[in-house]
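Subject: Structure for you to look at

Hello,

Here is the structure I promised to pass on. Please open it and keep it beside this email while you read.

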Amino acid sequence: MTARVRARRSRAPRLCPLALLAALALLAACAPVSGTPVSAPAVGGSPGPPRGTLRLYSSVTQDTIDAVIAAYNRQFPDVSVEVFRAPTGQLDGRIAGELRSGAVQADLLWATDPLSTQSYAAKDLFRAWTPAEATSVPAADRSNVFWGTRLLNMVIVHAPGMANPPRDWHDLTDASLAGRVAIPDPGFAGSAFGALGYFATADGYGMDYYRALKANGAVQVQSIADTLTGVAEGQFLAGITLDKSARDAIAAGSPLEMTWPVSGAIAIYSPIAVWKDAQNVVAAQSFVDFVLSEDGQAAVAGTGWQPIRADVSGGPAVDGPQVAPDWAALFDRQDALLTEYRSIFGG
Amino acid sequence: MAERRWRLAAWGGVLAALGLLAAWPLARLAAEGLGSGLGALVGGIGGPGAGAIVNSLWVSLAVTGLALAAGLAAAMLTERSAVAGRSALRLAILAPLVIPDFVSAMSWTRAYGPVGLSHRLLGVELPGLIGPAGIVVVLAVGAVPLAYLILVGGMRVRAEPDLERAARASGAGSWTAFRTVTLPLLWPALVAAGGLVFVTSMNAFGTPAVLGRPAGFSTMTTRIYGDLAFASSDEAFRRVISLSVLMVVVAVSIVGVVDRLGGRAVPRTGVSTGPRASAGRAPWWATTVAWTVVTLAVLVPLAALVLTALTRAVGLAPVPANLTVANFGRALDARALGDLGNSVLLAAGTAVAAVVLGLVATAAGSRWRPRLNSVVTLTFAVPGSVLAVAMLLAYGSALRDTLAIIGVAYLAKLWALGQRPISGAADRLSGDLLYAARASGASLLTAVRTVVLPLLAPAIAAGAILVFVFALHEVTISILLYGPRTATLAVTILNLQQVGDPVLTSALAVVLTAVVALLAGLLLLVVRRWPWAGGVLG
């Protein structure tokens with residue numbers, strides 16, 4: 001092929017389609033030779049020890065994935081875990097594309113928040129089974145096809161050394177913070193949407209809470225990280241963000257302080273599930289079992305997240321009560337909630 | 001007739017590429033999005049979505065106007081006058097090109113925001129930076145290199161100084177010469193640049209998200225990415241697609257109209273054999289203005305970005321005690337370095353392929369060129385994430401997890417960047433030159449090689465540079481399409497960091513900038529050996 005192209009080129013102008021084909025061929029040739037996307041021979045009937053390739057789709061932070069896989073491989077060295085990690089939106093985009101051109105090309109989904117997991121479960125895309133430690137997960141944080149693995153806590157950060165720092169959610173609407181409060185846009189991230197979902201339905205808050213924030217000049221920023229950046233740099237005095245992100249920034253030396261809201265941090269659970277079309281079911285189930293086991297939970301806790309199991313220590317301090325949105329009730333109400341939110345904060 | 005045969009072959013190639021890169025993936029996408037009927041599309045247009053459409057349109061038009069004016073002024077200054085420090089000025093004008101889209105807004109807030117550098121040092125901040133005015137300015141600054149490269153490429157194809165000098169000698173003032181000679185001859189390049197700038201602005205996400213959300217200001221892209229975050233819901237996913245389709249339709253209609261206008265006959269004249277640079281010295285004020293603008297709009301934000309990358313943790317003052325190079329170490333672990341190869345390979349492959357496609361499309365003939373130029377902006381106008389979904393739909397089962405699927409998506413996305421500069425230059429190339437060479441006995445190959453390609457070289461270089469840099473920075477497509485062995489540097493580093501840590505993101509941007517600088521240096525060495533390939537870096 002190459003020889004022919006070269007021969008033609010010698011008497012043809014360069015602007016020929018063959019050159020284009022050659023370029024495309026070159027591009028294709030650059031692709032890795034490996035032709036083993038999902039392997040692992042199905043172990044018919046009697047599940048042997050897990051082995052082969054396990055494909056994990058996840059939006060969980062990379063260091064947590066790395067730590068859990070390393071610990072998993074110490075117990076199951078014969079499984080090679082391939083990870084596709086992307087932020088929730090991109091991950092869901094990939095899954096949407098794959099669903100509509102065949103099937104999801106993964107064995108496992110490990111998501112950041114339950115929103116997308118719930119809608120996949122509603123479409124019957126997950127495998128129903130019971131992990132060994134399923135009941136160690138609080139009943140509110142699991143179903144018969146997915147199980148919470150860790151908790152993300154929405155908390156308050158504020159500037160260091162404030163005489164009268166905010167102690168609870170309602171303090172963010174106080175006149176002393178007028179114009180200096182940052183809230184992450186719930187239209188961009190599941191965790192921020194979880195906060196909206198909680199406030200919208202909780203007693204004493206409702207959408208009036210957002211109206212009060214807006215009336216006090218609160219500013220919506222794009223992401224959780226923007227809240228931290230804005231408060232650390234002094235643009236804002238306080239804001240809503242994730243406990244782990246705040247702790248990491250404080251540990252790195254950022255001028256911030258974190259407050260666990262008196263009435264409770266908003267806890268968001270991070271579910272894991274086995275896809276119905278999983279190729280390597282044995283390994284996938286062993287991975288879920290592992291993440292819910294004490295060792296797996298310890299690995300999660302070691303990276304700074306609160307493990308879902310209350311009986312596993314080593315996680316970050318939980319400095320107060322925790323509240324949670326009713327995810328099942330939020331399901332299918334995304335559009336309505338976001339529309340109402342946007343009528344207050346614009347966009 | 002050899003010409004005719006090759007022209008037909010070129011047509012075949014262009015149509016095949018259009019089918020594979022644009023028609024099939026977009027048709028798959030549209031079928032998914034509009035499967036539920038037109039209701040979703042109408043729903044996307046009506047209600048609050050309408051405001052986002054209007055916002056996108058006027059922001060993009062303003063950016064296009066600003067960037068074209070600034071790019072033209074810059075090109076006139078560096079190419080048509082003997083300005084002091086020309087090479088340095090060229091590099092400074094091109095510098096925003098190396099700042100990835102996902103940090104450009106951040107570099108500005110760090111430079112001029114409420115707690116930025118200017119506030120720290122002088123106690124002043126840029127009013128309106130948060131909000132639509134800031135979006136327009138930041139996008140325009142980022143788009144100037146695009147306009148500048150294409151205009152310079154267009155200027156260099158033909159030696160207008162002759163005609164300008166003739167006009168001046170005949171008594172025309174410099175403004176009259178510019179208006180009646182330079183501008184009409186630059187028209188195709190202006191159209192080529194304007195179309196790209198317009199679509200790039202329509203497509204921008206990072207800047208409107210960072211500067212627009214605090215002001216409650218939405219564009220179509222922020223709506224699309226917002227819906228993508230909820231793409232597990234069928235309704236949101238369909239809205240992503242119908243809004244994207246709508247955006248493509250709007251963008252391509254406007255570009256199409258402009259291209260038709262630009263497709264009108266351009267005066268063609270002979271080639272100059274005289275010296276290229278005109279003798280006119282740039283007035284002192286022009287040089288001063290240029291350097292002031294470049295300093296404020298390019299160098300200060302770049303410096304703010306580097307300072308951020310060097311800061312130990314976000315929120316610390318950039319004083320020596322708080323500075324560290326550790327962020328680069330964190331950004332560049334072994335995993336990331338391994339993926340640098342993928343990034344460079346993809347960027348280089350896409351640059352070569354896009355330029356080849358651009359040349360083939362140009363060879364296919366001038367009659368349909370304007371329409372062809374509009375058509376290739378189709379896939380350029382699709383937001384990266386959505387284009388990636390389209391590629392998954394079209395080629396996912398065949399090319400999953402290969403570099404090829406990322407490469408195909410990059411080529412679809414960036415084809416326009418390779419083609420429009422070349423076409424903008426070729427429109428000004430007289431067919432007489434080719435005929436003259438052929439009449440003198442040169443074979444078609446020899447004529448193209450010795451006459452056409454050298455004249456197009458600056459435009460080819462411009463296209464290749466643009467595609468290479470855009471592909472190297474690309475992250476929205478690759479983060480959807482990468483596989484176990486095909487991650488790119490940007491994807492890996494963005495995945496490694498927590499959740500949008502600005503310090504590490506800046507470090508990534510600086511690393512990518514260093515890669516571009518290194519490769520540009522290598523390119524310069526090559527250029528020294530083969531001066532005809534000099535392009536605009538020479």
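How many bridges join β5(A) to strand β7 of chain A? There are two, and the strands run parallel. Please keep in mind that this is a predicted model.

Let's stay with β5(A). This strand covers residues 181–184 of chain A. Val181(A) and Ile183(A) point one way. Ala182(A) and Pro184(A) point the other way. All four are buried. In a regular strand, side chains alternate between the two faces of the sheet.

Now the neighbours. Val181(A) has Ala238(A) as its bridge partner in β7(A). Strand β6 (residues 219–221) of chain A also pairs with β5(A), through three bridges, and these strands run parallel too. Here Ala182(A) is partnered with Val219(A).

Last, the largest nonpolar core. This core has 290 residues. Among the members that touch the most others are Leu108(A), Ala140(B) and Ala147(B). Helix α20 (residues 444–473) of chain B gives the most to this core, with 19 residues. Domain 1 and domain 2 of chain A both give residues to this core, so it lies between them.

Leaving out residues up to four places away in sequence, Ala147(B) touches Ala67(B), Leu68(B), Gly71(B), Ala193(B) and Val197(B).

Best wishes

Terms used
Residues numbered from 1 in each chain as written. Chains lettered and ligands numbered in written order. Predicted model: local features only at pLDDT ≥ 70, side-chain atom pairs only at ≥ 80, totals over all residues. Buried ≥ 20, exposed ≤ 12 C-beta atoms within 10 Å, placed from the backbone. Pairing = 2+ DSSP bridges. Core = buried A, V, L, I, M, F, W, Y, C linked by C-beta atoms within 7 Å. Domains from an automatic or database assignment. Contact = placed C-beta atoms within 7 Å.
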